[in-house]
Amino acid sequence: MLYEKATKVLYIDLATGKIEIKQRTDLSIYLGGVGVASKLLDETMQPELPPLSPEQPIVLAIGAISGIYPLITKTVAMFISPLTGELGESYAGGRLALALSMAGYDAVVIRGKASRPSYIAIDGGKVEIKDARPIWGMDSDVVGQFLRDSEEGSGKRSILRIGPAGEKMVKFASVCVDTYRHFGRLGLGALMGSKLVKAVTVTGDKTTEIKDFKEYFLSYQTIFKSVTETDLMAKYHDLGTSINVESISALGALPTKNLTANHFDDAEQISGETFAEENLVRKLACTGCPVGCIHIGQFRRKFDDGYDYESVSVAYDYELIYSLGALLGISKTDEVLQLIEAVEKTGMDAISAGVALAWATESLIQGIVTEAETLLPLTYGNTENYYQALLYLSARKNAFYQALGEGTRFAGAKFGGEGFALQVAGNEIPGYHTGYANLVGLTVGARHSHLCNAGYSVDQSLKTFDENKAVNTLFDEELERCLLNSLVICLFARKLYTRETVLKALNATGYLLTDDELTTIAKRIYSMKLRLKEKLGFDPRQVKLPQRFFKTPSMNGLLESSVVERMINRYTEKCSELLAEKI
Amino acid sequence: MKVLRAIEMNRCIGCFSCMITCAAVNQQDHSIMKSAIRIKTSGGLTGKFVAIVCQACKDDVPCAEACPTGALVRRQAGGVLLDKEKCVGCERCVAACTVDAIYFDLDTKRPIVCKHCGVCARFCPHGCLRLLEEGQ
């Protein structure tokens with residue numbers, strides 16, 4: 001914990017009910033966050049067993065200075081991904097980081113399987129495994145409503161929960177954190193479901209005296225001002241990430257209709273501007289972030305004659321508008337929000353769910369599967385059918401949806417149609433078809449996410465494409481993000497938290513680290529993650545990329561698989577060099 | 001002389017910057033438990049945010065009336081200032097405040113009372129909190 005030498009780790013064994021708290025003085029070399037979580041995952045995971053074996057852990061961790069500086073607001077979850085079978089790493093905002101720090105824990109390790117549906121209630125030193133039988137089966141939003149009333153800590157509490165998809169172990173089930181944020185990617189929800197854990201509540205009332213007020217507050221104020229008084233964060237607050245919908249489409253980089261096209265003719269109708277004009281009702285923030293990038297959109301739905309309407313509010317972002325909009329050919333903001341509502345309440349990752357349905361649609365068009373299997377005539381733009389299909393998917397309605405719930409890669413391999421199953425190493429792709437750096441970045445990225453190394457951004461910023469330069473940039477970015485993620489800084493603030501700022505923030509709170517030491521920590525963490533991936537049997541050179549990526553032109557033209565291969569090989573060499581370094 | 005007012009809570013994004021800065025500046029603590037202003041949700045995050053903070057009572061001041069030692073000194077513009085020397089930590093002020101805006105610090109055994117310094121308003125990114133002239 002802050003100002004203390006030891007990292008405080010809470011171990012929860014669901015099988016025996018044993019609760020253990022360890023003060024680990026050996027973990028400071030990983031700083032915190034993804035570093036500590038990687039180490040704890042390495043210590044507790046069992047690579048020889050399937051991802052959903054009861055023995056497998058869920059690790060949550062915050063950073064050394066979580067909650068006391070603007071935008072240091074995230075919590076990292078690490079696990080073996082049931083979707084990809086290898087490294088699972090996901091980040092959520094909301095109140096969780098603050099709640100964990102007030103409960104007094106740097107990290108939590110959850111192992112075993114409960115004997116009956118349960119939820120975990122953490123209130124400082126009091127940790128209980130409680131009966132969740134009456135709330136098992138509930139939608140994600142309703143669970144939250146019940147737990148808010150039955151658990152203490154209003155205003156400084158975080159509630160994690162899964163929906164029906166997590167219970168059914170849909171491999172890309174998500175965990176909802178505080179209504180509007182999620183551990184979305186790579187199937188943490190399925191892992192919770194497999195352990196019969198419906199929810200986790202976290203609260204506490206720990207206080208921490210500031211050691212050097214002057215230094216700390218000076219540093220806090222400087223960062224706060226650069227957040228609120230410069231334009232560094234403005235786009236995230238104003239229109240939010242959805243500002244990119246139209247521009248990415250115009251560049252020819254927006255995967256549309258299962259990436260049969262690289263731009264969406266109706267992009268303007270689902271642009272950030274249109275959402276803001278038609279649906280935006282409020283903005284919210286994660287605790288400790290003055291930006292407020294969470295954009296809440298509202299739509300109303302008629303459910304009966306006699307002017308009977310219900311209103312629904314959900315959070316929207318670029319990735320959701322891509323996967324549940326353009327990718328499915330949907331061109332109305334209300335309808336995109338409706339599909340977001342479906343993934344919210346059932347508890348599925350929005351990107352993976354959208355990609356799965358896009359694959360199902362094309363499979364139906366190509367006659368690879370029949371309507372007897374999909375149960376619905378899925379066609380691009382038909383929201384009503386997609387809404388129903390999301391419910392079928394979360395419930396694993398029949399053999400087809402059972403298979404689709406294993407992930408798009410699995411479904412592609414089972415039914416045929418692998419060539420247009422939009423996934424990389426088992427993870428459904430985010431909304432970019434920018435070029436080589438994106439594709440290579442997704443393949444080599446520790447969790448196959450656009451957030452690993454921002455390949456999409458490298459493609460857009462390199463004036464003239466240079467293979468080696470692109471590979472080096474991807475590598476350096478992934479390495480630097482190991483450091484940012486060890487502090488668990490919101491990556492929207494990556495340009496704000498330069499090395500200089502990070503050092504000032506750390507130094508003002510007693511972490512007397514140097515720039516070189518931060519580099520060493522980043523390398524140590526990246527090496528650890530690469531070793532974890534090796535143990536789980538991953539080799540980027542073995543990844544089979546779907547043909548679709550090479551048939552639909554990217555914003556930088558048609559891509560050649562030979563270039564991708566060369567770049568992956570080069571990147572792998574760089575990883576070997578890192579692993580050979582003595583750190 | 002000025003008083004703090006939570007005037008535009010519809011615009012609150014729930015960032016808690018007010019609480020973080022109040023606790024840091026006034027109590028030299030990182031924990032929002034030490035803040036004199038509290039942001040609460042009514043009905044979860046889908047509901048509105050409310051600020052629980054001193055209402056700057058002026059003529060009738062329940063907390064000062066309840067204080068047996070005269071430790072809560074009335075401010076001219078409204079509200080009170082805490083005289084720590086006189087306070088015996090009886091918590092009567094906490095019970096007396098109708099809007100529950102006085103918090104009891106379990107570490108120091110003294111109440112945490114808003115002194116209307118306005119630091120929270122300075123760090124409010126949406127102008128929900130303002131330090132206003134009395135009667136404004």
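**A strand and its sheet**

Trainee: Strand 9 of chain A, residues 158-161: which residues lie on each of its faces, and are they buried or exposed?
Mentor: Both faces are covered: Ser158(A) and Leu160(A) point to one side, Ile159(A) and Arg161(A) to the other, and all are buried. Please bear in mind that this is a predicted model.

Trainee: Which strands pair with strand 9 of chain A?
Mentor: Strand 12 of chain A (residues 197-203) pairs with strand 9 in the antiparallel sense over four bridges, and Arg161(A) has Ala199(A) as its bridge partner there. Strand 10 of chain A (residues 175-177) is also antiparallel to strand 9, with two bridges; in strand 10, Val177(A) is the bridge partner of Leu160(A).

Trainee: And what is the strand order of the sheet?
Mentor: The order is 8-7-12-9-10-11 in chain A, an open sheet of six strands with mixed pairing. Strand 8 (126-131) and strand 11 (181-183) are the edge strands, each pairing on one side only. From one strand to the next, the twist averages 20°.

Trainee: How do strand 7 and strand 12 of chain A run?
Mentor: They run parallel, joined by six bridges; Ile122(A) has Val202(A) as its bridge partner in strand 12.

Trainee: Which strands does helix 2 of chain A touch?
Mentor: Helix 2 (residues 96-103) packs on the sheet against strand 7, strand 9, strand 10 and strand 12, its direction making about 65° with that of strand 12.

Trainee: Changing topic, how many residues of chain B are in contact with chain A?
Mentor: There are 25 residues of chain B in contact with 31 of chain A. Helix 1 (17-27) and strand 2 (38-41) of chain B each supply at least two residues of that side of chain B.

How values were computed:
Residues numbered from 1 in each chain as written. Chains lettered and ligands numbered in written order. Predicted model: local features only at pLDDT ≥ 70, side-chain atom pairs only at ≥ 80, totals over all residues. Buried ≥ 20, exposed ≤ 12 C-beta atoms within 10 Å, placed from the backbone. Pairing = 2+ DSSP bridges. Contact = placed C-beta atoms within 7 Å. Axes fitted to C-alpha atoms, helices over the stretch in contact; angles between N-to-C directions.
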